[in-house]
Amino acid sequence: MAETWVRMVTAQTPTNIAVIKYWGKRDETLILPVNDSISVTLDPAHLCTTTTVAVSPSFVQDRMWLNGKEISLSGGRYQNCLREIRARACDVEDKERGIKISKKDWEKLYVHIASYNNFPTAAGLASSAAGFACLVFALAKLMNAKEDNSELSAIARQGSGSACRSLFGGFVKWKMGKVEDGSDSLAVQVVDEKHWDDLVIIIAVVSSRQKETSSTTGMRETVETSLLLQHRAKEIVPKRIVQMEESIKNRNFASFAHLTCADSNQFHAVCMDTCPPIFYMNDTSHRIISCAEKWNRSEGTPQVAYTFDAGPGPNAVLIARNRQAAARLLQKLLFYFPPNSDTELNSYVLGDKSILKDAGIEDLKDVEALPPPPEIKDAPRYKGDVSYFICTRPGRGPVLLSDESQALLSPETGLPK
Ligand SMILES: Nc1ncnc2c1ncn2[C@@H]1O[C@H](COP(=O)(O)OP(=O)(O)OP(=O)(O)O)[C@@H](O)[C@H]1O
Ligand SMILES: C[C@@](O)(CCOP(=O)(O)OP(=O)(O)O)CC(=O)O
């Protein structure tokens, strides 16, 4: 009789935002970077990927569904991750259900993968980071691989560079490594998410119809043409990494904010130094920078750090020193960027809504009535230039979800529910 069992594992993995940026590869296939980078992991309650992986002798090929739609696994990045994980598979025994898979069986067994991002995919919110980290983590558990999260990060890295940093919570360093096979290019935790739990993160998802230059293409062109990148990777980043680790360990917000903003700005300068130049930020991004810079200067000490990635949307990630600063920041942001009149406040500020409450904002009338920030004369308002805000904080690393109701595949058929 043909065996019909399905064995499944479901995992949840956070996304991350770099405070010292990865930009540029020294090896395109293995995805080896030209410098170390450091990121903060975002709370999975607000931004995360959930992935279910299943194995069954009845499956006839590897298949994947992303947000409910079947996608091809033929791309090199998916293939590299699948191959590397299969090579590390071990014996699996489920005595209760009478399932036994030996190390060698994994070569002939196929997997089904279903994944769901609780935020827009490819909107510049690092879905590829959470996605590949979750894929590798879930497959490793399904196949009983013995590797720790750092070792798994070196596999996730081959799906998308920034994905390696999503295998840990808190603050994470991706060490560029030295050896040719990439085995020492992996992520390590700097501190966990409890170490600095005052921090509040506000993401402004910026409306954009700009044409995208993908990170992969953009950084290739930068490596080929920018002399500034060589100087950055060799002289600047190594020093900044040491200072950033220090600032994080000592919870030194002034130094943290200074380094974060400077590194984001230098990353965008390196993009501009590329031939042809790459522009990821737009007028709204520049206005957000100016708002943060002016506020920080007027306070005499930094209240907020900003950082911008290479998205299709030039989203701003703002890190406030504590809840009080976050509430004041949100007031300023909502002053400059009120929602369109047909938008409800509830769908305009997402995530941890208690920050809104701290800011004393309950409805759109309160937004209308906000006073202009005193540090800017004749402050204008830019209605509709931000799509929405997400309030969040540093968060934990990957976890397994044991509750079967959270699985995205049916335990009977191994197909999407
Ligand atoms: N949950 C997921 N599981 C596996 N792969 C995913 C998942 N989500 C996204 N991806 C992969 O990542 C790709 C999107 O990556 P891309 O780098 O274009 O966007 P992003 O990560 O959202 O934004 P950015 O990297 O610019 O911040 C998708 O086409 C898909 O291949
Ligand atoms: C600007 C960045 O977000 C670049 C991220 O690049 P990706 O990890 O998306 O690129 P690939 O390795 O080619 O998949 C900075 C960062 O996250 O460090």
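A residue is called buried when its relative accessible area is under 20%, exposed when that value is over 50%, and partly exposed in between, using a 1.4 Å probe and protein chains only. The structure described here is a predicted model, in which local features need pLDDT of at least 70 and side-chain atom pairs count only at pLDDT 80 or more, while totals for chains, interfaces and linings use all residues. Residues are numbered from 1 along each chain as its sequence is written, chains are lettered from A and ligands numbered from 1 in the order in which they are written, and side-chain values use heavy atoms, with hydrogens and water left out.

Helices (DSSP runs of H or I, at least four residues) and strands (E, at least two) are numbered from the N terminus. Helix 3 covers residues 149-156, and because six of its eight residues are buried, it is largely enclosed by the rest of the structure. The buried residues are Ser 150, Leu 152, Ser 153, Ala 154, Ile 155 and Ala 156. With contact meaning heavy atoms within 4.5 Å, they pack against helix 1 (76-86), helix 2 (127-142) and strand 13 (187-191).

Attention now turns to ligand 2. A residue is near a molecule if one of its heavy atoms lies within 4 Å of it. There are 17 residues around ligand 2, and Tyr 22, Lys 25, Ser 160, Ser 162 and Arg 165 come nearest. Polar contacts are pairs of N or O atoms within 3.5 Å; within protein, one must be able to donate a hydrogen and the other to accept it, and residues adjacent in sequence count only if both atoms are side-chain atoms. A polar backbone atom of Gly 161 is 2.7 Å from an oxygen atom of ligand 2. For Ser 162, a polar side-chain atom lies 2.7 Å from a ligand 2 oxygen, and for Arg 165 a side-chain N or O atom is 2.7 Å from an oxygen atom of ligand 2.

Leaving aside residues up to four places away in sequence, Val 53 touches several others, including Arg 7, Met 8, Val 9 and Leu 409. The C-alpha atoms of Val 53 and Met 64, 11 residues apart along the chain, are separated by 9.0 Å.
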